[in-house]
Every structure is written in C-alpha cells, then in structure tokens.
Amino acid sequence: MNAAIEILPTEPIPEWLRKAPRQCGDPVKAARGLRELIDSHSDEGERLAYLPEAVVRAVSGAGLYAMLVPPEFGGSELHPTQLIDAIAELSYADGSTGWAVMANNFFTGALYINGSDGLVHDVFKTDLGYI
C-alpha cells in the first residue's frame, strides 16, 4: 500500500525564519563575522543538543541557510567551493553549527533537484518556508 504520508512540523516555522534572506553577497565573510557569536553559544548548544535560537537567527539572518537555493527562487546557488569555505568558517567556531548548516543546505538542494513540482513549489514559492 502506497499511502501518502504528510509530515507537518509540530509548531509553525517562525516568521523570522520563513522570511530569512535567500541572498548573501559574501558568505565566507558573513560566516566569519558570526564566529564570535556562534562560539559564545557553543556550550549552550551542547547542553541543548540543538542549535540555540540566537545562532539560528544569526545564520538565517545572514542568508547562510539559502546558499544552495536556486536563483529562480531568489537564492544565490553558490559554487560548491564557496559553500564549503563558508561552512568551514562556521565550523571553526562550532563544529555542530557548521555541520547543521551544511546538512540544511544539502537537504535544501536535494529537495530542489529531486522534489516533485508540487513539493518544489510549496518549499520555495510559498510562505511555508524552506528551512
């Protein structure tokens, strides 16, 4: 039986996250600029076992969750070396943050490449958010 499974978040994605920028002029510079903030929250993240909201806000506000969003959806679709360099900068401050941002970007790219037209529309062209 191939029943469709609908997975919905338990809580709505906050507006500040749904409306996060999809462009980042210089992702390496932006990531480097966040290192002190990320480092200052690394112990909290370790204790929580997820990224603290201050870190998620800073990363999303810098457009770093959208590094692989295609241009037709308002993103930058960075060259892989730019993506890796930006993730390396985040990882210098906190490896978990670098990993989480890398995983989010790769998943976002995979959704675009492998998703149905409806899924791609819902993720990138509606107010539902892509993070």
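**Cores, helices and a ring pair**

In this predicted model, the largest nonpolar core has 24 residues, and L34, V59, L64 and M67 touch the most other members. Local features need pLDDT of at least 70 and side-chain atom pairs count only at pLDDT 80 or more, while totals for chains, interfaces and linings use all residues. Residues are numbered from 1 along each chain as its sequence is written, and side-chain values use heavy atoms, leaving out hydrogens and water.

Reader: What makes a set of residues a nonpolar core?
Author: They must be buried Ala, Val, Leu, Ile, Met, Phe, Trp, Tyr or Cys residues, joined through side-chain atoms within 4.5 Å.

Reader: How do you know that F73 is buried or exposed?
Author: Buried means under 20% relative accessible area, exposed over 50%, and partly exposed in between (1.4 Å probe, protein chains only). F73 has 13%, so F73 is buried. Y112 has 28%, so Y112 is partly exposed.

Reader: Why is the pair of F73 and Y112 called edge-to-face?
Author: Rings of Phe, Tyr and Trp (its six-membered ring) pair if their centres lie within 6.5 Å; planes under 30 degrees apart are stacked, over 60 edge-to-face, and the rest tilted. Here the centres are 5.8 Å apart and the planes sit at 75°, so edge-to-face it is.

Reader: Why is helix 2 called roughly antiparallel to helix 4?
Author: Their angle is about 170°, with the axes 9 Å apart. Under 35 degrees is roughly parallel, over 145 roughly antiparallel, 65 to 115 roughly perpendicular, and the rest oblique. So helix 2 counts as roughly antiparallel to helix 4.

Technical notes: Axes fitted to C-alpha atoms, helices over the stretch in contact; angles between N-to-C directions. Helix = DSSP H or I, 4+ residues; strand = E, 2+ residues; numbered from the N terminus.
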